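The entries follow the order in which I checked them.

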Amino acid sequence: MGGGGQQTDRITDTNGRFSSYTWEEMQKHTKHGDQWVVVERKVYNVSQWVKRHPGGLRILGHYAGEDATEAFTAFHPNLQLMRKYLKPLLIGELEASEPSQDRQKNAALVEDFRALRERLEAEGCFKTQPLFFALHLGHILLLEAIAFVMVWYFGTGWINTLIVAVILATAQSQAGWLQHDFGHLSVFKTSGMNHLVHKFVIGHLKGASAGWWNHRHFQHHAKPNIFKKDPDVNMLNAFVVGNVQPVEYGVKKIKHLPYNHQHKYFFFIGPPLLIPVYFQFQIFHNMISHGMWVDLLWCISYYVRYFLCYTQFYGVFWAIILFNFVRFMESHWFVWVTQMSRIPMNIDYEQNQDWLSMQLVATCNIEQSAFNDWFSGHLNFQIEHHLFPTMPRHNYWRAAPRVRSLCEKYGVKYQEKTLYGAFADIIRSLEKSGELWLDAYLNK
């Protein structure tokens, strides 16, 4: 487990002590091939390790030259094991005169947030209820079985097929929330078991890639709604989002589409196409180009199972049509749920904020109800999920009052909306961004 090329000659000084560094020195090591991070005041050269990092090479690069302590704590359930992995990469520590946080972050807020996490851990908020996840998996498998039995018993008429498609889309959406749990290592105590079941759920039950998901999703969590770091705000020039990008595009006279109408064409190229077109292509391209052969085998097992079940009733052509219709409906479900706490929030370039502040400006909650919990896979508690990504989702409600109280103490805005209001905010936000673009395009 090697570190960077300059690692060994920087570990100690002539007296055998660890070298010490200032934040000014740290911030010189942010480029590809020369990346240092700070974790718990210790300095690590991760220049080569990024290529082997299970969470993907880019996520470490996003924290190069910065204090990554809060992200390190948030993403890794077994910190002692992770410290062992980091040990060979150690090259020194911060100078005693240097603050623990970089770029004038609020040390008191950071410390209070650390204390909050410790209290939640002590209260058992990071402990899993196995029955919750077993029942969730069971209801997905039950939906799959019901869909198959309905075709077998009632035939392939249009009405029955429509009902079957809705059931299959529901199973796919719920499987999407479940793979999210395992992907965040929030179910089992060991990372290995979480990774294994993650591959089963996302691969065999959904026909997607765990590696592809990890690479995208952890970047999103590490730097949410930050251009050039969060892949989820890379709109491929189809949309302009936030308040900064529209003006930037307008001033540069960039017009790939009529962005002032994006709140209208969103309904035609956003929810309908994300999963059945864009993700479908990206997943297979990613698996093949990066040699993710295990993921590909899990993915193939999904398609084999699906076509064995349904071609016997529908034939190949109509089984493909059914498959894409299911993906079409699932894509609507996925886009509205995931974007209701992203697109309307602050979207900008890197501002180097502390963990709590960065997450709170980039996401919001949706009011709690039994339906909202189920419909969104508990992502109606998006704030708590982003702050504590390894926390089992059935415990978010326990953490929420404590988080809200901490936010009030430091004047950090904690937003909670109705489900309908959050959906409407997506469209309002796109319309506002489109107007900003048009004004800049015509007048600046």
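Before reading any helix angle, I noted that axes are lines fitted to C-alpha atoms, for helices over the stretch in contact, and that angles run from 0 to 180 degrees between N-to-C directions. I also noted that this is a predicted model.

Entry one, a helix pair. I looked up helix α13 (residues 293-339) against helix α18 (residues 419-443) and found an angle of about 85°, with the axes 9 Å apart. Since 65 to 115 degrees counts as roughly perpendicular, I put α13 and α18 down as roughly perpendicular to each other. On the α13 side I listed W336, V337 and Q339, which meet F423, I426 and I427 of α18. The residues of this contact divide into 5 nonpolar, 1 polar and no charged.

Entry two, helix α14. How many of the 8 residues of α14 (residues 355-362) are buried? I counted 7, so the helix is largely enclosed by the rest of the structure. The buried residues are W355, L356, S357, M358, Q359, L360 and A362. For what covers them, I wrote down elements including α3 (69-75), α5 (107-122), α9 (210-222), α16 (382-387) and α17 (396-410). At the N-terminal end of α14 I found D354 as a cap, with a side-chain oxygen 3.2 Å from the backbone nitrogen of L356.

I located T170 in helix α7 (residues 158-183) and recorded T170 as buried, because its relative accessibility is 14% and the cut-off for buried is under 20%. Setting aside neighbours within four places in sequence, I found T170 in contact with L143, W333 and W374.

Conventions: Residues are numbered from 1 along each chain as its sequence is written. This is a predicted model: local features need pLDDT of at least 70, side-chain atom pairs count only at pLDDT 80 or more; totals for chains, interfaces and linings use all residues. Side-chain values use heavy atoms; hydrogens and water are left out. Buried means under 20% relative accessible area, exposed over 50%, partly exposed in between (1.4 Å probe, protein chains only). Helices (H or I, at least four residues) and strands (E, at least two) are DSSP runs, numbered from the N terminus. Contact means heavy atoms within 4.5 Å. A polar contact is a pair of N or O atoms within 3.5 Å; within protein, one must be able to donate a hydrogen and the other to accept it, and residues adjacent in sequence count only if both atoms are side-chain atoms. Angles under 35 degrees count as roughly parallel, over 145 as roughly antiparallel, 65 to 115 as roughly perpendicular and the rest as oblique. Ala, Val, Leu, Ile, Met, Phe, Trp, Tyr, Cys and Pro count as nonpolar, Asp, Glu, Lys and Arg as charged, and the others, Gly among them, as polar.
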